[in-house]
Structure formats: structure tokens, C-alpha cells
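Welcome, and let's take a friendly walk through this model together.

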Amino acid sequence: MADSKQPGAGNPIRVFLLDDHEVVRRGVRDLLNDEPDIEVIGEAGTVEQALVRVPALRPQVAVLDVRLPDGDGVTVCRELRSRMPELACLMLTSFDDEEALLDSIMAGASGYVLKQIQGSDLVSAVRTVAGGQSLLDASATTKLMARLRGGQQEEQQPDGLQGLTEREREILALIGEGLTNRQIGQRLYLAEKTVKNHISRLLTKLGVERRIQAAVIATQVQDRQRQEGNGNPGTGADENESPGNVLNARVVASSTRWHSAPGR
């Protein structure tokens, strides 16, 4: 259950830290604990530790390193939010990686910032995502937008969908909506393991390796289906309304909130 109390000196924002470097964790912990309205209530250095400790401690914000020795922060974000939808995940990374940014958005992260960020800006970022707003690093967002816009014109026709079963097509569409394996299983009344098996097979049939690549294909398929349904081959349509721009719309919306976030 989400905490209904307003954060403040008497009711600080509860934060959990995940980073495999102890020095980094200590620095971030000291920085945040110096603020009267923020309290670090727990930390971990591995994915395994985080998946056990976060649900037990129930923080409001989880600051997650993207790259970890036994996995990645994006997977942690996706898994934790499937259990705790009210949790705000703030991704913290040393790498300006637009693919990791897109993966983070699809996993439900509230923010994505680089470790080169100023200490005061990190404090502001924690407050921003705790307040229910989104925050993305400006430089990474700009690169991602350029990549998405260029990729829409270059992506191949999804003829490979002809080899998918009806169930695989249903799952592909739900991947395009950003659902986790657990959420897909609940929607289709399937075991989570069964969903994973279906996804593994459909990735092979599509000739891709990453879930995010399948999500992009799914939105393009929806776009073409809508154009065919309207008898519109793609001219004269408002591209801002097409499902093929769902990923762009998510990034634009988050980027807009980043620029209007308090303290920026």
C-alpha cells in the first residue's frame, strides 16, 4: 500500500540504494541522509539482495545502478514494480546509453540520471520521483529521440509475424504495451514460466535477441494495422496519433516532465 503521508522532516522520503560499489553507495547515502526530508533505509550490492530487501523495507524510492555483477538494474526495476506498483525507481548509471534509457522507460522507471550529476541535482531527482513526477537525463533523451525517429523509417517490414501463433501475437502486443511477464500472465491467465517460454520462441521467430526490439516491432505492427483499417497507406495521417509512435510519446512525455520538474 502506498504511503499517504506527505514527505517532510517528520516523515522523510524512504530511499533504498542498489549499487555494487560500496564507495558509491556510501557517498550517495551520506548525501541523501544530510537532507532532513530524506532517509536511506537500506542498501544492496547485488540484484539478489535487492529483490529480497526492497519488498521487506517498502521504500518510496529505489535508486538503482543499471549495470550490476549479477544482472542489471532495469530487470530489478521491472520485477520490483510488478510487486510494488507504487515504488518510484530512479536509474543511476555512468553510461550515456540510449538503449538502457529506453529499457528503463519500458520497465516503468520514473527517472534516469547519469552518475556525473551534481549532488544537489540528485537530491532534487529523488524528491521529484517521490512526488510522482518523471525525470530523464536531457542528453540521453535527445539521443534516444533521434534514434527512434530515424529507426521508424529504416525498420524492416514485420513479415516474420506470419510465423507467429495467435498466442504469440497476443503476447507480442502486450510486450508492446510495456507489460511485465507477470502482468502478461495475469492478463492471459498463463503461468509466468509459460509466458517466458512463449517470449523466447517469438524472439527467435522474429530474429531478435532483446525484448525491447520486439516491443518496437509490436508498435509498428499496430501502426500498419490501423493505417490499413483506415484505408490510409500512410499519407496525410497525423503521425502523432499513430500507435507506431507510442514509444516516442512515452519519451516525449517523460522528457517534458523532466524539463518542468522542480529544481531544474
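In this predicted model, the largest cavity is lined by Leu-17, Leu-18, Asp-19, Val-24, Arg-25, Val-28, Val-63 and Leu-92. Two elements, S1 and helix H1 (22-33), each give two or more residues to that lining, and H1 gives the most, with three. The space inside comes to about 50 Å³, and the structure holds one cavity of 30 Å³ or more.

Now to the packing. The largest nonpolar core has 26 residues, and Leu-64, Met-91 and Tyr-112 touch the most other members. Strands S1 (13-18), S3 (61-65), S6 (88-93) and S7 (111-114) each supply at least two of its residues, as do helices H2 (47-57), H3 (73-83) and H4 (98-107). Apart from this core lies another, of 23 residues, among them Ile-175, Ile-199, Ile-212 and Ala-218.

| Residue | Residues touched |
|---|---|
| Met-91 | Leu-64, Val-66, Gly-73, Val-74, Cys-77, Ser-104, Ala-109, Gly-111, Tyr-112 and Val-113 |
| Phe-95 | Arg-67, Tyr-112 and Leu-114 |

Phe-95 deserves a look of its own. Where does Phe-95 sit? Phe-95 is found in the loop between S6 and H4. Along the sequence Phe-95 and Gln-116 are 21 residues apart, while their C-alpha atoms are 9.5 Å apart in space.

Notes. Residues are numbered from 1 along each chain as its sequence is written. This is a predicted model: local features need pLDDT of at least 70, side-chain atom pairs count only at pLDDT 80 or more; totals for chains, interfaces and linings use all residues. Side-chain values use heavy atoms; hydrogens and water are left out. A nonpolar core is a set of buried Ala, Val, Leu, Ile, Met, Phe, Trp, Tyr and Cys residues joined through side-chain atoms within 4.5 Å. Buried means under 20% relative accessible area, exposed over 50%, partly exposed in between (1.4 Å probe, protein chains only). Helices (H or I, at least four residues) and strands (E, at least two) are DSSP runs, numbered from the N terminus. Contact means heavy atoms within 4.5 Å. On a 1 Å grid over the protein atoms alone, a cavity is a set of points where a 1.4 Å probe fits but cannot get out, and a pocket is an open set with protein on both sides within 12 Å along at least five of seven lines; lining residues have an atom within 4 Å of a point. Grid points are joined across faces, edges and corners, and a volume is the space filled by probe spheres set on the points. Lists of a residue's contacts leave out its neighbours within four places in sequence.
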